[in-house]
Each structure stands twice: as C-alpha cells, then as structure tokens.
Amino acid sequence: MENKAEIIRKAKILTEGLGMGRYCIAIIMIALNRNWDVTPLIEVRTFPKMKVVFEGLRANIDVNLYAKRDYSLGKMKIIKDALINNIEVKDILKTEKFISEESLSFIVDLRKMDKEDGPFADETHPVERFIRDYLPLQVTSDRLKLLYEAYKEGVSETITLNKTASNALIATALMAKKRGYDFDLIAKQDFMDSQLSELRQAMDEKVDITLMLNRDFSSLQLRQIRLGLVNGVDVATYADPKMSPLDMKEMRSKLALNAGEELYNQSYDLAEKLLR
C-alpha cells in the first residue's frame with residue numbers, strides 16, 4: 001500500500017465524525033491506495049453496502065447508479081449484478097421513487113433471459129415494449145408479474161393497461177384467453193371479484209362456463225351452476241338469476257340424485273345384458 005501515514009491521514013479526514021468502524025475505514029483505505037473515488041463508499045456508510053460498492057469499483061462499473069444511502073442492500077446488489085452482466089438499468093431507475101426491489105429484480109431477470117436468447121432488437125422488442133408501457137403504471141411486483149403473463153398471452157390491453165382493473169379480473173381474463181373464451185366479454189360484464197373467483201374455479205375444473213357469463217348471477221348462484229356443471233347435471237333447468245341460491249342448490253341436488261339413480265338403472269340393464 002501507499003505510505004501508511006498518508007493513507008491514514010486521508011482516511012481520517014474523510015471519515016472523522018461519521019462513526020464508521022474499522023472494517024468501513026479499511027475498505028476506504030484500500031480504495032484510496034488504488035486511487036479510486038471513495039465518495040460512493042462514504043455515501044452508503046454501512047459495511048455491507050460499502051462492500052457492494054467496492055465490488056462495483058473493482059469491476060469498473062458505474063457505482064453511482066446504486067451507491068445511494070436510501071437504497072436497500074438487496075436493491076444495490078440487483079443493480080450491481082445487472083451492470084456487471086451488461087444489462088441496462090438506467091431507464092428502470094428513472095422510476096426509482098416507486099419501483100420495489102422485487103419489481104426491479106423481475107425486470108432485470110426479463111432482460112437477462114432475453115439477452116441469453118440473443119441481442120435486443122430495438123425498443124419494439126416484446127420485453128422492451130412491456131417495460132416501456134407497463135412499468136410506468138407504478139404497480140406492485142405481484143401485479144407486474146401477472147401483467148406480464150397476460151401480456152405474453154395477448155390479453156387485451158383495454159384490460160391490462162386499465163389501472164382500475166383488479167388482479168382478479170386480469171387473472172380471469174388470462175385464464176379465459178388460455179381456455180379460448182371471449183375474455184373481452186368477461187371484462188365488459190363488470191363482474192365482482194367473488195364472481196370472478198367462481199369463473200376461474202370452473203375453468204380450472206375444465207367445465208364450459210358459457211352459462212355462467214352473466215353479471216346478474218351472484219357468486220353464490222354461480223357456485224351452484226359450477227357445482228352442477230362439475231356433477232354433469234342439466235344446469236339450464238335452474239340457471240336463472242331470479243332463482244335464489246338455496247332453491248338452486250335444492251334443484252341441483254335433486255338433479256344429481258336423479259342422474260345418480262339413472263346411472264345405476266343403466267348399469268343394471270347393462271349387467272343383465274352381459275350375463276346373457
């Protein structure tokens with residue numbers, strides 16, 4: 001290292017009164033010896049963050065992009081790793097006032113995966129278009145991930161770019177798109193989240209939801225229709241918004257019972273034929 005006395009003198013001037021421990025001061029001394037700009041190190045103050053900045057200085061990346069005292073350690077690491085891997089983050093950091101650590105990590109991962117597939121085309125690239133159009137919405141990381149899935153599947157942007165659209169609506173539209181239903185119709189019906197939940201469960205159970213696509217049905221009525229579809233009964237006989245959920249349940253139970261009796265009657269007839 002450079003002359004010990006000189007290094008100590010410089011370090012003392014830079015850190016006196018900041019309450020730094022020996023590990024922090026040691027990192028600054030190493031940086032001074034290498035003629036690095038120690039300002040970013042002093043900015044972050046704590047040893048774990050200083051270590052991340054030091055790693056960036058050693059990698060010769062622009063540490064000023066993440067050497068910020070109000071950044072979490074996790075956020076600093078994400079930015080540092082992105083820069084080391086030549087992944088652009090400057091445009092993302094313009095949204096630093098609202099982008100969370102989780103959202104930042106998700107966007108960086110998108111660019112990283114896309115980079116592994118080949119070089120970026122231009123701003124019309126699907127990933128870049130998504131970042132440009134959806135990041136400014138200032139949404140949570142969970143919603144951002146859901147939006148990306150919907151975006152990939154081609155769900156209408158009248159739904160995905162609508163700030164008032166609930167996560168339940170977007171998730172239902174996404175599932176409907178995958179199942180081949182008219183997801184725009186679902187959006188126009190203005191279903192409540194509880195109704196959308198029944199629709200998603202029905203699609204999960206792989207039944208035809210066509211009869212359920214009526215905003216006039218309550219979630220409890222939709223449940224009775226869904227259960228009837230799952231049981232294979234003729235739900236058209238009670239799929240009436242004017243019928244109470246309780247009456248629907250009673251009719252569904254009777255239809256299921258009749259269907260069960262019919263099944264056993266048919267099975268008995270078949271057994272007789274087989275025994276002949």
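Start at Tyr 71: the charged end of Lys 75 sits over its ring, 4.5 Å from the centre (that label needs NZ of Lys or CZ of Arg within 6 Å of the ring centre and within 35 degrees of the ring normal). Keep in mind that this is a predicted model, where local features need pLDDT of at least 70, side-chain atom pairs count only at pLDDT 80 or more, and totals for chains, interfaces and linings use all residues. Residues are numbered from 1 along each chain as its sequence is written, and side-chain values use heavy atoms, with hydrogens and water left out.

On to the aromatics. The whole structure holds eight aromatic pairs, a pair being Phe, Tyr or Trp rings (six-membered ring for Trp) with centres within 6.5 Å. One cluster brings together Phe 106, Phe 130, Tyr 134, Tyr 148 and Tyr 151.

Buried here means under 20% relative accessible area with a 1.4 Å probe, protein chains only; helices are DSSP runs of H or I, at least four residues, numbered from the N terminus.

Now look at Arg 226, in helix α14 (residues 219–231). Arg 226 counts as buried because its relative accessibility is 5%. Leaving out residues up to four places away in sequence, Arg 226 touches Glu 198, Gln 201, Ala 202, Glu 205 and Met 212, with contact meaning heavy atoms within 4.5 Å.

Notes. Phe/Tyr/Trp six-rings, centres within 6.5 Å; stacked < 30°, edge-to-face > 60°. Helix = DSSP H or I, 4+ residues; strand = E, 2+ residues; numbered from the N terminus. Buried < 20%, exposed > 50% of the residue type's maximum accessible area, 1.4 Å probe, protein only.
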